[in-house]
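Subject: Structure handover

Hello,

Please find the structure below. My notes follow it.

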Amino acid sequence: MYFAALLTLTEDGWVASDTELDDVETLADLIGLAREASPDDDPVLVFIEQEDAWFGIVRVEGEEDPRIFVSDGAAAARSSYGEILTKELLGADRDDEAADLDALDLDGTEDGEPADTEDETEEETEAVAGTVPPAAPVGDRLILDDLGLSEKELLALETDALSEIADALGASEVLETVR
């Protein structure tokens, strides 16, 4: 069971709205929902929680790139909405053009450059291995730092994390209205 909510920081304070994730299939869909919630480019936080197994936060401000944090990468990757977030965080959500270029196996030797060194091969192996989400927090640990929740406090959260986050942001009442 998932819980999802959008919190928008307006000049009048936090405004929360419940959101349905039924039509969300990609990170772009989720970002679109957030941008619709704030026509004035106010900061929007998308909270997603799966029954205390993991939680995720997506922060969208205007046209800037979204900032993402997931409390447990491995647990999130096993769920449909968490997989959307972890793929983005781990760079596994490459577009088709990049995948096509990778399939060509261009290693530089076609331009007369020397073949890969052993160090470069190890780095490539580590990069591929890095696409498996860790059973630990992943993403932007400072996502809420300027709003009143430090990295240390964010990483210490366990159960009922979204309520604790909302409390630290001064948005607990508005979050509870959508729960």
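The protein chain of this predicted model has an average pLDDT of 81, and 78% of the residues score at least 70; pLDDT is the predictor's confidence in each residue, from 0 to 100. Residues 93-106 have a pLDDT below 50, and this stretch makes 3 contacts in the model beyond near neighbours in sequence (contact means heavy atoms within 4.5 Å). Residues 109-129 are also below 50, with 6 such contacts. Where pLDDT is low, the predicted coordinates should not be read in detail.

On conventions: residues are numbered from 1 along each chain as its sequence is written, and side-chain values use heavy atoms, with hydrogens and water left out. As the model is predicted, local features need pLDDT of at least 70 and side-chain atom pairs count only at pLDDT 80 or more, while totals for chains, interfaces and linings use all residues.

Helices (H or I, at least four residues) and strands (E, at least two) are DSSP runs, numbered from the N terminus. Buried means under 20% relative accessible area, exposed over 50%, partly exposed in between (1.4 Å probe, protein chains only).

Helix α3 (residues 80-90) buries Y81, G82, I84, L85 and T86. Their cover includes β1, α1 (27-37), β3, β4, β5 (67-70) and α2 (73-77). G91 follows α3 with a positive phi, near 75 degrees.

In helix α7 (residues 161-169), the buried residues include L162, I165 and L169. The packing partners of the buried α7 residues include β1 (2-10), β2 (13-18) and α8 (172-178).

S17 lies in strand β2 and is partly exposed, at 31% relative accessible area. Beyond neighbours within four places in sequence, S17 contacts A5, L6 and V178.

Regards
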